[in-house]
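Please read the following explanation alongside the sequence and the model. It goes through helix packing, charged pairs and a surface patch in turn.

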Amino acid sequence: MAAERLQDQRERERERERERERERTLPRIRLDLPRERRARLLPEYDPEAFGRFSERIARFLGTGRFIVWMTITIIVWVLWNIFAPPSLKFDEYPFIFLTLALSLQASYAAPLILLAQNRQDDRDRVNLEQDRKQNERSIADTEYLTREIAALRMNLGEVATRDWIRSELQDLIKELDERGDGRHDGQRERRDLFP
């Protein structure tokens, strides 16, 4: 039995030694450091810079300047390939190369315009959300002010107004006049203290 225990213990020691050796040969992965960048087959780009670039192109494609330059280019292309000497013509009558160039331009312009529209939609969505929050704050402020004004009106009924004080004082003056406290040198002097 002691021999079997000794054999098992040696076996466990060998297994531990193999595990330590495996750990030494494998690179240690540290969780406190970022991973190394892997090589990518596709080129990397900044989506924000590409979006700004596509918006500039979409803005240019939507101007009259672009239409004028495109029209001038097509007219020069067609006239050159009709009236130039045969050795200088590069696109004969059916203008296949011109059609290809215009198709290529359109195939790139359409996605760039869509990308610019998507970015504009995102900006509009953010602006709409901010406007909605601002409207909610304005409504809450308006409701608060309405409640405050209503509370002031209710409390104003308990406050002595200028007209009420004036009428009370005039009643007191009349009462004093009636008692005879207002006589001076045999004549009753009537003063309107509160016009």
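The paragraphs below begin with the basis of the values and then turn to the helices.

This is a predicted model, in which local features need pLDDT of at least 70 and side-chain atom pairs count only at pLDDT 80 or more, while totals for chains, interfaces and linings use all residues. Residues are numbered from 1 along each chain as its sequence is written, and side-chain values use heavy atoms, with hydrogens and water left out.

Helices here are DSSP runs of H or I with at least four residues, numbered from the N terminus. Helix 2 covers residues 47-61 and helix 4 covers residues 96-156. The axes of these two, helix 2 and helix 4, come within 8 Å and cross at roughly 110 degrees. That makes helix 2 roughly perpendicular to helix 4, a label given to angles of 65 to 115 degrees. Axes are lines fitted to C-alpha atoms, for helices over the stretch in contact, and angles run from 0 to 180 degrees between N-to-C directions. The crossing of helix 2 with helix 4 is left-handed, that is, the near helix is turned anticlockwise from the far one by less than a right angle.

Helix 4 also packs with helix 3, at an angle of about 160 degrees and with the axes 11 Å apart. Helix 3 is therefore roughly antiparallel to helix 4, the term for angles over 145 degrees.

The charged side chains come next. Side chains of opposite charge can pair when their charged atoms come close. A salt bridge is counted when a side-chain nitrogen of Lys or Arg is within 4 Å of a carboxyl oxygen of Asp or Glu, and the count comes to 13 salt bridges.

One of them joins Glu48 to Arg119, with 3.2 Å between the closest N and O atoms. Glu48 lies in helix 2 and Arg119 in helix 4, so the pair ties together parts that are 71 residues apart in sequence. Are the two partners buried or exposed? Arg119 is buried, with a relative accessible area of 16%, whereas Glu48 is partly exposed at 42%. Here buried means under 20% relative accessible area, exposed over 50%, and partly exposed in between, with a 1.4 Å probe and protein chains only. Glu48 and Arg119 also belong to a network of salt bridges that links them with Glu55, Arg59 and Arg123.

Arg14 pairs with Glu11, the closest N and O atoms being 3.1 Å apart. Arg14 is partly exposed at 41% relative accessibility, and Glu11 is partly exposed at 37%. Glu13 pairs with Arg16 at a closest N and O distance of 3.0 Å. Glu13 and Arg16 are likewise 3 residues apart in helix 1, about one helical turn.

Phe60, Val68, Trp69, Ile72 and Val76 make a nonpolar surface patch of about 490 Å². Patches take residues with over 30% relative accessible area and no salt bridge, and nonpolar side chains (Val, Leu, Ile, Met, Phe, Trp, Tyr) are joined within 5 Å. Helix 3, residues 64-83, gives the most to this nonpolar patch, with 4 residues. Trp69 is found in helix 3 and is exposed, with a relative accessible area of 54%.

Key
Patches are made of residues with over 30% relative accessible area and no salt bridge: like charges are joined within 9 Å, nonpolar side chains (Val, Leu, Ile, Met, Phe, Trp, Tyr) within 5 Å. Accessible areas come from the Shrake-Rupley method with a 1.4 Å probe; for residues, only the protein chains shown count as cover. Angles under 35 degrees count as roughly parallel, over 145 as roughly antiparallel, 65 to 115 as roughly perpendicular and the rest as oblique.
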